[in-house]
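Me: I am new to reading protein models. Could you take me through this one, step by step?

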Amino acid sequence: MECAEAREHLSDLNRGHLEAGTAEAVRAHVGQCASCAAALQREAEVRALIQARAPRYPAPPALRSRIQAAMAQDAFGGPGWRALLRSHPWTVGSLAGAIAVLLLVWGGTLWMARDPVSRLAAQAVAEHVEYAKEMMNRPIPDPPALVKELRSQVDFSFEPIFRGDSQVQLVAGLVSDLLGKRAAAFVYRDGSGRYTTLFLMPEAGTTIPAENRMPIETFKPHHRVTSGRHLLLWKQRDLACLLISDLDEAEMAAMFLKIRKAA
Amino acid sequence: MSDAKTPLPAEALNHLDALYNLARWLARDPTEAEDLVQETYLRAIRAAHQFQPGTNLRAWLFQILRNTFFTRYKRKGREPEVMDPEVLDRMSTLEGPTGVENRLAGPQDGTAGLDLTAALKRLPEAYRSVVLLADVEDFSMGEIARIMDCPVGTVKSRLFRARAILKELLRDYAS
C-alpha cells in the first residue's frame, strides 16, 4: 500500500470503520512508514482534542419553541402557519404550543391515574394552558397592584411572593379552584413567551409524594412531567405549592429557586 | 397542499441542538444561526414527503441545513468563505502540508498557538464542516459525502488536510 492510499484510510482506522482486511493493510503500512505513523498519531490527537474541547452551542429555548410549534401546527394540518411563523414567531410559538398541550391534556385526563396528586396535576396543567392562552399579548400589569388585588380575594396569606425580575415578569394573579380548593395562581412570562404558573393553596389535605424528589440546592420538591410540562410540588409554611412551566427541567429548577427563596 | 399530508417525523426535533451547533459554526452570529436553523426546519417540513422513512433522518436534516446555508448566502450575494473548496482541493494533495496549509497555518502571520475555537473558525468552511461532522457529530464518511454532496474520497482528503492544519495551528495549545 502506498502512502496516499493509506492516508485516505487513517481517519476510518481511528474510528474503527475499516473492514478487517483493509485495516490490516493500513496498519502494515503505518508500521513501516514513520511519516504515516506520525499522521495517524496526529489524526487521533486532533480528533480527541475536538471531541473534548470544541465548544457546543445548544439551541436557544425560544428557537426550540418556534420549531416545536411549527411542527405541531404542521401535524394538525393548520393552514398558513409558515407566514404566521415569519410574521409573529413568538405569538404563534406560544399559541400552537398551547393548543398542542391542551389536546394532550384532554387526552391525558381520560386515562390519568386516580390518585389525588395526578388529578391535581392534570387539572393544574389544564388551568396553566388556559392562562397562557388568555395572557398572550396582554399588557403587563403592575405587580404590586396585582398582588394587592389577589390578597383580598383569598382567605389565606401567601406573601412574600416572587414578583419577577429581569428575565421573567409576573403577568397575572388569579383565583383558581383545584380539586375543590380555592387557590391563588400567579402567572409568569419570560422573554421568549413561555409561561410558568405557581399555584398556592392551604396545605391541609395535600400529601407530597415521597418518590420522585428533585434535589435543587437544599430543597427536594416532588417532580413529575404531566402532558409534557414539568411540574414541581412542595410545601412551604402552611401552603401547598405547585409550579407548572413551559420551561425545560434546568430552567424550571432555577425558577423554583427564585420562587422558593422569595418566600 | 400535498406536503401537509406527510408531517415531519417528531424525532426531527431531537436533532435541533446538533443542527444549531453546526449553524453556529457556519453563520457569522447567533441570530443568523437561528434564522438558518429555522429555515432548515421549514424546508424539512415542506419536503417531509421526500424523506424516506427508515433512512437517516439526521443526515437528511444536516444536508438541508448546509444547502440552506449556501442558498442564503447566494441570495444575499455574499461569499460564505474566502476560499473556494474546489480551489483548496486542487491546490492540496494528500502527501503533506502544501502551500494552502502553510498559508493557513504558517507562523509568519502569528497564528500558531490559537485556541481550538479560533483555529476551527480559521478553517475554510468545507474543512470545518467535515471536521465537525466527523468528530463532533460522528457521521461516517459516506454520510458526510451525502451531506456535503461530494465524493467520499474528497471528504477523506479534506478531513486529513483539515487535521494537518489544525495540528499546526494548535501546536502551542495545551493538550
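The questions and answers below go through this predicted model.

Me: What is the mean pLDDT of chain A?
Reply: This is a predicted model, and confidence comes with it. In chain A, 83% of the residues reach 70 or more. The mean pLDDT of chain A is 80.

Me: Where in chain A is confidence lowest?
Reply: Strand 6 (residues 239-245) of chain A has the highest confidence, at a mean of 94. The lowest mean is 44. Where pLDDT is low, the predicted coordinates should not be read in detail. The element with that lowest mean is helix 5 (residues 81-87) of chain A.

Me: How many contacts beyond four places in sequence does the model have for residues 105-114 of chain A?
Reply: Take residues 77-92 of chain A to begin with: pLDDT stays under 50 there, and the model has 26 such contacts. Over residues 105-114 of chain A, pLDDT also stays under 50. For residues 105-114, the number of contacts is 11.

Me: Which strands are the edge strands of the open sheet in chain A?
Reply: Six strands form this sheet, in the order 1-2-3-6-5-4, with antiparallel pairing. An edge strand pairs on one side only.

Me: Which residue is the bridge partner of Leu232(A)?
Reply: Strand 5 (residues 229-236) of chain A runs antiparallel to strand 6 of chain A. Seven bridges join the two. In strand 6, the partner of Leu232(A) is Leu243(A).

Me: What angle does the direction of helix 9 of chain A make with that of strand 5 of chain A?
Reply: Helix 9 (residues 249-262) of chain A packs on the sheet. Among the strands it touches are strand 1 and strand 5 of chain A. With the direction of strand 5, the angle is about 25°.

Me: Why is the pair of Trp234(A) and Phe256(A) edge-to-face?
Reply: The structure holds eight aromatic pairs over all chains. In this one, the ring centres are 4.7 Å apart. Planes over 60 degrees apart count as edge-to-face. The pair is edge-to-face because its planes are at 80°.

Me: How many residues apart in sequence are the parts that Trp234(A) and Phe256(A) tie together?
Reply: Trp234(A) and Phe256(A) are both buried. Trp234(A) lies in strand 5 of chain A, and Phe256(A) lies in helix 9 of chain A. So the pair ties together parts whose separation in residues is 22.

Me: Is His29(A) buried or exposed?
Reply: His29(A) is found in helix 2 (residues 20-32) of chain A. Its contacts beyond four places in sequence include Met1(A) and Cys36(A). The cut-off for buried is under 20% relative accessible area. His29(A) has 7%, so the word is buried.

Me: Which residues of chain A is Lys156(B) in contact with?
Reply: Lys156(B) lies in helix 9 (residues 152-169) of chain B. It counts as buried, at 14% relative accessibility. Beyond four places in sequence, its contacts include Met141(B). From chain A, they are Glu8(A), His9(A) and Asp12(A).

Me: Which ring does the charged end of Arg42(A) sit over?
Reply: Arg58(B) lies over the face of Phe139(B), at 4.1 Å from the ring centre. For Arg42(A), the distance to the ring centre is 5.2 Å. That ring belongs to Phe160(B).

Me: What percentage of the residues in chain B are buried?
Reply: Chain B has nine helices and zero strands. It holds 175 residues. The buried share is 54%.

Notes:
Residues are numbered from 1 along each chain as its sequence is written. Chains are lettered from A and ligands numbered from 1 in the order in which they are written. This is a predicted model: local features need pLDDT of at least 70, side-chain atom pairs count only at pLDDT 80 or more; totals for chains, interfaces and linings use all residues. Side-chain values use heavy atoms; hydrogens and water are left out. Helices (H or I, at least four residues) and strands (E, at least two) are DSSP runs, numbered from the N terminus. Buried means under 20% relative accessible area, exposed over 50%, partly exposed in between (1.4 Å probe, protein chains only). Contact means heavy atoms within 4.5 Å. pLDDT is the predictor's confidence in each residue, from 0 to 100. Two strands pair if DSSP finds at least two bridges between them. Axes are lines fitted to C-alpha atoms, for helices over the stretch in contact, and angles run from 0 to 180 degrees between N-to-C directions. Rings of Phe, Tyr and Trp (its six-membered ring) pair if their centres lie within 6.5 Å; planes under 30 degrees apart count as stacked, over 60 as edge-to-face and the rest as tilted. A charge sits over a ring if NZ of Lys or CZ of Arg is within 6 Å of the ring centre and within 35 degrees of the ring normal.
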